[in-house]
Each structure stands twice: as C-alpha cells, then as structure tokens.
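Welcome, and please open the model in your viewer. We will walk around the ligands one selection at a time.

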Amino acid sequence: MKGNLIIISAPSGTGKSTLLQKVMPRLQGLTFSVSHTTRAPRQGEEDGREYHFVSREAFLGRRDQGGFLEWAEVHGNFYGTSQEEVAARMAQGLDVFLDIDIQGARQVRKAAPDAISIFISPPSWQEQERRLRGRGTDSAETIRLRLANAKAEMAEAGFYDFVVVNDDLETAARLLEAIVLAMRAKNRRHLSGEPLCLPEGQ
Ligand code: ADP
Ligand code: 5GP
C-alpha cells in the first residue's frame, strides 16, 4: 500500500509549525518529512528533528546527485526534501506531510500530480507580523525579509487544493485534520481490492 503526499505551505510566522505539532499526534498513519537546510538552527531546534542542518557544500553535493524530490532557495537559505526519505515512508503506507515553500510546491505538483496541497493563511498581515516578532527567534533583518516575501507567497494561495486560515488555532487544526481524513476517504483504495485501513475512530 502506498501513502499520500500532503504539501503544506504558508508565509513565515503564520503558525504552520504550531499547527502541524497539534495535528500530527491526533492522526495515525501520518509522518513528517524532515527537510535538509543550510539555515542555522533556532534555539530549541534539534538536528534530525525539525531539519537536517547541513553546510552549503553538503546541500549542493546532495542536490547535484539528484537526492532531492524538490529544493529551493527561500529567504536566503537552501531547503530540500529528501527523495529517499519520502519514498521509504510512502512505501510503508504512511501519508507524508511536506512543509515546503511555494517554489517547492510547484515542483512537487509536477513530479507527483496525486499530491494534495494545503495553504495556511494568517488571518491578517498585522497578525502575521505580530506572530513573527512575538516568536522571538529571528533578527530584525530576517523578519523584514520574511514579511517582504509574504506578499508573493499569499498570491500563490489560489493554486492550492485547500486554504486553511489559522485564526483560532484549534479551529484551524480541526479543519486540517478533516482535510486529511477526507483525502483518505476519497482515494478509494477499497475499489481496487485494497482495504481502506482507516485507523479506529477516524
Ligand atoms: P511558522 O511555522 O508558520 O513560521 P510558527 O508555528 O513558528 O510559524 O508560529 C509563529 C508564532 O505564532 C509562534 O510564536 C506561535 O506560538 C504563534 N501562533 C501560531 N498559531 C497561532 C494562533 N492560531 N494564534 C496565535 N498565535 C499563534
Ligand atoms: P523556516 O526557516 O521558517 O523553518 O522555513 C522557511 C520556509 O522554508 C518555509 O516556507 C518552509 O515551508 C520552507 N521549507 C522548509 N523545508 C523546505 C523544503 O524542504 N523545501 C522547500 N522548498 N521549502 C522548505
């Protein structure tokens, strides 16, 4: 049985990581693809958990060997999704969340047209800026760059299958959960003789 790819994108500071942390433990059969990045770890981040933190040379070497399903330069750093890691998890029948930017989303849609895509939107520009500053992990320059890039990112929302507004966290988490469950019900594996395998209670 093969799992599904679920693309999740959002402008920085929208609350995407917070939302995924809330939803992941509630859904069985779901995993998160740990990307490679050349960005420095933030306080509290661990190598191999949030990201594989690698040097620019290591990143470009892996990219040149075709090791990434997609990759992009985002806010001045490189980010990429490991082809091998995603394929292994899907082969186990797990659904895989890809937390990637709009450039990566375009690449994955092309390479894997079955993937579903979800755009997480902040309730307003003001609230996004407040959250980004309130997180307290980024320099003033980094925040300025991320806010400047947010306009182009929001303009891409219409290309996604679903848009979830992260205003109230619990409401957004429930909607995200519902989308994943609806996707599982829609893929109709039972019609081809494979069992649905929906975990109990979902
Ligand atoms: P992203 O991963 O999208 O860059 P984070 O998950 O790091 O964003 O969230 C940015 C900040 O916003 C964090 O301090 C987080 O606690 C806060 N936050 C996330 N979702 C909400 C929400 N629905 N309401 C209020 N604050 C939120
Ligand atoms: P952050 O530095 O805040 O963790 O992430 C910055 C941006 O990079 C976010 O939009 C996030 O979705 C994106 N990102 C994280 N991992 C990947 C990846 O593997 N590929 C691409 N294309 N973008 C990524």
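Begin with ligand 1 and the residues around it: this shell divides into 1 nonpolar, 7 polar and 4 charged residues. In this scheme Ala, Val, Leu, Ile, Met, Phe, Trp, Tyr, Cys and Pro count as nonpolar, Asp, Glu, Lys and Arg as charged, and the others, Gly among them, as polar.

Before going further, a word on conventions. This is a predicted model, in which local features need pLDDT of at least 70 and side-chain atom pairs count only at pLDDT 80 or more, while totals for chains, interfaces and linings use all residues. Residues are numbered from 1 along each chain as its sequence is written, chains are lettered from A and ligands numbered from 1 in the order in which they are written, and side-chain values use heavy atoms, without hydrogens and water.

**Stop 1: ligand 1**

Select Ser 12, Gly 13, Thr 14, Gly 15, Lys 16, Ser 17, Thr 18, Arg 131, Arg 135, Asn 166, Asp 167 and Leu 169, which surround ligand 1 (a residue is near a molecule if one of its heavy atoms lies within 4 Å of it). Now look for polar contacts, meaning pairs of N or O atoms within 3.5 Å; within protein, one must be able to donate a hydrogen and the other to accept it, and residues adjacent in sequence count only if both atoms are side-chain atoms.

- At Lys 16, a backbone N or O atom is 2.8 Å from an oxygen atom of ligand 1.
- At Arg 131, a polar side-chain atom is 3.2 Å from a nitrogen atom of ligand 1.
- At Leu 169, a backbone N or O atom is 3.5 Å from a nitrogen atom of ligand 1.

Of the 580 Å² of accessible area that ligand 1 has on its own, the protein covers 75% (Shrake-Rupley method, 1.4 Å probe; for residues, only the protein chains shown count as cover).

Which element gives the most to the shell around ligand 1? Colour helix 1, which gives 3 residues.

**Stop 2: ligand 2**

- Tyr 79 has an N or O atom 2.5 Å from an oxygen atom of ligand 2.
- Asp 99 has an N or O atom 2.7 Å from an oxygen atom of ligand 2.
- Thr 81 has a polar atom 3.3 Å from an oxygen atom of ligand 2.

Definitions and conventions. Helix = DSSP H or I, 4+ residues; strand = E, 2+ residues; numbered from the N terminus.
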